[in-house]
There are 2 protein chains.
Amino acid sequence: MNANESLEKKRHTLAHLLAAAVLELYPEAKPTIGPAIDNGFYYDFEFPADKRPAEADLKDIEKRMRKLLPSWKEMTGETVKLEAAQARFSHNPYKLELIEDIMVKKEPVTLYTAGGFTDLCRGGHCEAPAKDIAPDSFKLTRLAGAYWRGDESKTQLTRIYGLAFGTKKELDAYETMMKEAEKRDHRKLGKEMDIFEFDDDVGPGLPLWLPNGAVIAEELEKLAKETEFAAGYVRVRTPHIAKDSMYLKSGHLPYYEDSMFPPMEYEGGKYYLKAMNCPHHHKIFAARPKSYRDLPLRLAEYGTCYRHEKSGELFGLMRVRMLEMNDSHIYCTEEQFASEFRAVNEMYLRYFKIFGIEKYVMRFSTHDPKRLGDKYVDEPALWKKTEDMVRQVLIDSKIPYVEVPNEAAFYGPKIDVQVWSAIGREFTLATNQVDFAVPKRFGLTYVDKDNKEKTPLCIHRAPLGTHERFIGFLIEHYGGNFPLWLAPIQVKVIPVAEAHLEAAKKVDDSLRAAMIRSELDTSNDSFGKKVRNAKTSRAPYFIIIGEKDLAAGKVTLESRDHGQIGQLSAGEALARFGTEIQERKAS
Amino acid sequence: MNANESLEKKRHTLAHLLAAAVLELYPEAKPTIGPAIDNGFYYDFEFPADKRPAEADLKDIEKRMRKLLPSWKEMTGETVKLEAAQARFSHNPYKLELIEDIMVKKEPVTLYTAGGFTDLCRGGHCEAPAKDIAPDSFKLTRLAGAYWRGDESKTQLTRIYGLAFGTKKELDAYETMMKEAEKRDHRKLGKEMDIFEFDDDVGPGLPLWLPNGAVIAEELEKLAKETEFAAGYVRVRTPHIAKDSMYLKSGHLPYYEDSMFPPMEYEGGKYYLKAMNCPHHHKIFAARPKSYRDLPLRLAEYGTCYRHEKSGELFGLMRVRMLEMNDSHIYCTEEQFASEFRAVNEMYLRYFKIFGIEKYVMRFSTHDPKRLGDKYVDEPALWKKTEDMVRQVLIDSKIPYVEVPNEAAFYGPKIDVQVWSAIGREFTLATNQVDFAVPKRFGLTYVDKDNKEKTPLCIHRAPLGTHERFIGFLIEHYGGNFPLWLAPIQVKVIPVAEAHLEAAKKVDDSLRAAMIRSELDTSNDSFGKKVRNAKTSRAPYFIIIGEKDLAAGKVTLESRDHGQIGQLSAGEALARFGTEIQERKAS
């Protein structure tokens with residue numbers, strides 16, 4: 001049993017314990033269902049309208065759970081007859097409905113008991129709760145409304161949420177992380193820092209990047225373009241729409257239609273907003289005859305795609321309908337595949353270093369041979385070959401990875417990249433996929449050395465994911481304190497008093513002439529207020545110019561993250577910024 | 001009478017002369033209509049199927065025109081009775097139909113006669129053709145099919161085209177220009193140089209930018225971004241779609257609907273592809289409260305817009321359905337307007353200098369006071385004020401301009417920029433418009449010094465027009481020989497023989513490390529073939545590395561446009577390229 005399974009059992013057991021405690025304090029409550037979740041557990045109850053617990057009552061329930069826990073020496077299950085189960089829960093219509101379902105599915109009816117409390121359950125608990133669960137490793141957090149079976153037409157229940165981890169230390173760490181995550185919430189900081197905005201007339205899930213957000217997006221693109229130029233990529237640009245014939249060819253229609261925006265009826269045909277860039281790139285590959293000398297061909301584009309997401313699932317920049325993708329498709333021969341795939345993974349690692357991403361893992365999804373020709377394209381030899389190559393690349397590169405069977409794309413094995421932000425939250429950012437099916441559908445070929453026409457392999461990759469999600473991640477990761485090269489405002493120039501404005505303006509002009517995003521404070525505010533405003537702006541550097549500076553022909557430099565730096569010449573400050581920006585240093 | 005009117009009269013007269021000559025040589029021909037056009041004239045005839053002239057016959061017809069011309073001493077018009085006209089053209093059903101139309105409109109029927117040839121005509125000819133028209137200032141160029149009244153269901157006629165200018169010299173210059181334009185045709189060079197491609201599955205009018213085209217687009221964007229950063233613009237990024245409510249607010253729906261792509265029916269509403277960026281920018285302005293301190297606010301975006309153009313009117317990159325626009329909207333107070341507008345015009349001039357555009361004129365379109373409240377927004381004082389300011393800016397800046405009454409936008413006066421390519425062809429590229437209507441419709445306001453809410457003026461401007469049209473223009477302007485900073489391949493590195501490949505690779509690597517788009521010839525081709533290939537690539541520079549170079553530790557540099565430069569060190573070559581690129585020198 002691994003750590004995850006053990007934790008899930010604890011959480012599941014705690015849901016039972018919660019129900020037991022609630023029933024002692026609220027005998028009229030009717031327990032319904034109570035599963036383990038990602039960070040703990042919950043249980044949904046029906047309470048009489050006048051006897052519902054309030055948030056303030058959670059402490060008492062929690063106390064009662066702790067009081068009961070020592071008596072839960074063991075937890076045992078038994079299979080019972082249908083009638084016995086129905087008799088036991090005759091006063092609880094929810095449980096009776098659940099028993100009904102079990103009956104329909106012809107599954108055995110099982111009951112689990114601990115400390116005298118019995119619940120209808122499929123199992124998966126600690127065997128010895130009193131021993132296995134530390135009494136300080138869990139807590140109840142909040143109440144919420146929930147409909148029976150998630151159906152708005154049914155009874156509204158009261159859900160009680162609890163957190164649970166292996167130890168108190170882990171629980172505390174989680175709570176600290178969540179508090180920090182709340183402070184760093186990308187929606188909150190995104191508004192505060194004027195990074196993005198939504199507008200009803202534009203539409204939900206379609207962010208407008210305000211100037212400060214556009215700066216970050218452009219810096220990311222600059223990084224990607226430089227990195228990709230050095231890695232031998234070429235760039236292309238394609239329309240945001242195409243005719244249905246293209247997506248019928250690629251197979252996105254009808255299989256992916258639900259994730260696409262509906263078509264525009266135009267000139268007797270249908271045009272779709274693109275939900276991915278690959279078909280357009282395939283068309284560019286096909287636009288000119290290709291020979292083995294042209295491969296590997298690495299086509300890159302910052303293409304904006306549009307995907308349908310249910311409005312209830314939209315979430316800040318994390319779940320949107322517009323995706324500005326740092327996309328690329330690498331067309332290569334089988335011989336070139338391993339080194340190309342490896343180069344892509346290594347590009348990820350270089351990016352992680354730049355962004356200070358220290359914890360990451362690659363999820364390597366493979367096919368299931370039983371599903372060939374059904375879920376997966378029926379090319380057993382190519383599956384084996386590419387999966388072996390991908391695995392070897394991961395091993396050779398000493399990249400941490402986990403192998404996940406039966407989760408590949410239909411056209412080949414893939415790697416999803418999970419990264420953890422500075423405060424320890426997990427994000428799925430990027431992807432690196434092998435495709436040996438779609439190039440054939442598009443009739444893509446190259447003439448090989450032996451003068452034969454062959455179909456290239458295609459690698460789909462997007463190391464920085466989408467701007468939306470990556471910038472959302474970065475806002476949390478940096479807590480809004482972007483390093484110099486990414487900061488919307490890089491330097492605030494502050495004259496101590498009006499007499500220093502002219503000199504300050506000169507410094508500001510020289511910084512802007514060097515394409516540094518400096519901002520001069522021309523207000524009549526007091527010096528103290530100007531400094532406070534500069535700090536609020538989260539600019540990584542402030543340049544202060546006062547009497548002493550004027551006299552010395554220098555400026556005073558202060559860093560957002562490291563405090564006072566001291567007096568230096570304007571030229572020295574400029575050189576310092578230049579190096580820090582060019583090297584894309586962490587702050 | 002200005003030169004243009006006089007030329008149009010000549011061309012119109014020559015159409016008559018063509019009809020007279022045709023009737024002498026083809027007595028059974030039935031003349032229909034024959035107008036003056038941009039570069040000459042044409043006339044549509046019905047010929048009996050077995051007696052149609054071929055291209056080879058044009059010389060004879062032209063000769064006959066020259067023979068008749070001296071007898072066309074004067075051209076006179078007369079108004080005749082309907083019946084008289086009908087009797088005269090009783091054998092020509094086309095002319096009878098035209099007479100019918102004149103009758104319906106209750107206009108006078110006029111006939112024009114010269115040298116014994118009489119035609120139904122509204123007038124506008126030379127009074128003394130023999131004297132006014134130089135016999136060598138015109139020529140017949142080609143035949144084409146044309147339907148009577150442009151209607152495919154009607155008779156197919158034969159159109160004879162002619163060129164006509166004031167003098168033989170002007171005619172020759174035009175022909176030379178057109179021959180050169182044909183060589184430089186952006187569709188031909190665009191294909192040859194792998195700049196763009198169309199694809200049936202993507203859709204007509206929707207170019208795919210191949211890697212070489214994407215390079216040019218990115219360099220143009222870099223130029224614009226640098227220029228705009230220096231001019232105090234900030235950048236934004238907005239979705240390519242929006243809900244109908246936005247375009248109802250802006251007034252584009254329903255007034256501009258015919259130029260937009262049809263909507264997507266989505267979530268019970270309608271979403272449109274954007275045909276312009278202004279409404280999205282207005283939303284960004286509105287996203288945060290504004291004070292006079294925030295103005296002028298210059299929002300810039302490389303936004304891709306989509307517009308419906310009739311498929312018959314699509315033409316290479318010149319008439320497309322996708323428009324990558326270097327767009328910006330400047331929000332300012334009335335006091336700031338003149339200097340902002342002037343700064344925009346000056347930005348145009350800086351661009352012209354970079355691109356070597358020597359001939360240009362600004363078309364200043366003003367309103368017609370009689371159409372206030374109908375064609376133009378009813379703000380007489382603001383019209384007068386802004387037009388006066390715009391005119392003053394043009395005069396002060398000494399920019400060549402023409403004033404065009406009654407062609408303003410409905411929301412304010414505008415300037416369209418006409419430029420001439422290196423071979424003398426005219427293009428309309430860019431626009432600079434004042435808008436004092438739409439900001440009000442969007443409820444845009446700022447708090448002024450007096451604490452009152454006011455509506456800003458908005459300047460719409462796009463100095464580099466769209467990528468599509470501008471790159472199409474540049475292909476012709478440079479004849480495909482792009483200056484170093486814009487060239488898709490900047491440097492070709494050529495080892496004389498295999499022994500020099502390693503040294504050549506080092507040079508290529510060092511250039512690419514400096515972000516120079518160099519390409520190493522690794523082929524086994526002969527040296528001569530390699531040099532020929534380099535020339536075909538139109539790279540502005542070739543670096544050649546042979547025995548003598550290796551011995552001297554140098555390279556040999558050759559320029560596409562200036563030939564041999566000589567031996568220098570690789571570092572010196574790199575520095576030379578760096579400067580030339582950074583200064584965006586003409587080649």
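The model is predicted, so local features need pLDDT of at least 70 and side-chain atom pairs count only at pLDDT 80 or more, while totals for chains, interfaces and linings use all residues. Residues are numbered from 1 along each chain as its sequence is written, chains are lettered from A and ligands numbered from 1 in the order in which they are written, and side-chain values use heavy atoms, with hydrogens and water left out.

- Buried means under 20% relative accessible area, exposed over 50%, and partly exposed in between, with a 1.4 Å probe and protein chains only.
- An α-helix has 3.6 residues a turn, so residues three or four places apart point the same way.
- E8(A) is mostly covered, with 8 of its 9 residues buried.
- E8(A) pairs with E3(A) in the antiparallel sense over 6 bridges, and Arg159(A) in E8(A) is the bridge partner of Asp44(A). Two strands pair if DSSP finds at least two bridges between them.
- E8(A) also pairs with E7(A), again antiparallel, over 9 bridges; here Thr158(A) in E8(A) is the bridge partner of Gly145(A).

**Chains A and B**

- Chain A superposes on chain B by a rotation of 180° with 0.2 Å of shift along its axis, at RMSD 0.3 Å. That is the relation of a two-fold axis.
- The same surface serves both copies, as 100% of the contact residues of chain A recur in chain B.
- Of the residues of chain A, Met264(A) comes closest to the rotation axis, its C-alpha lying at 2.8 Å.

**Thr227 in helix H8**

- Thr227(A) lies in helix H8 of chain A, residues 211–230, and is buried at a relative accessible area of 15%.
- The side chain of Thr227(A) reaches the backbone oxygen of Leu223(A) at 2.6 Å.
- Leaving out residues up to four places away in sequence, Thr227(A) touches Met347(A), Arg350(A) and Tyr351(A).

**Aromatic pairs**

- Over all chains, the structure holds 56 aromatic pairs. Rings of Phe, Tyr and Trp (its six-membered ring) pair if their centres lie within 6.5 Å; planes under 30 degrees apart count as stacked, over 60 as edge-to-face and the rest as tilted.
- Phe196(A) and Phe198(A) make an edge-to-face pair, 5.8 Å centre to centre with 80° between the planes. Phe196(A) is buried at 6% relative accessibility, whereas Phe198(A) is partly exposed at 30%.
- Trp383(A) and Phe436(A) have ring centres 5.2 Å apart and planes at 85°, so that pair is edge-to-face too.

Key: Helix = DSSP H or I, 4+ residues; strand = E, 2+ residues; numbered from the N terminus. Least-squares fit on C-alpha atoms with pLDDT ≥ 70 in both. Contact = heavy atoms within 4.5 Å. Polar contact = N/O pair within 3.5 Å; in protein donor to acceptor, adjacent residues only side chain to side chain.
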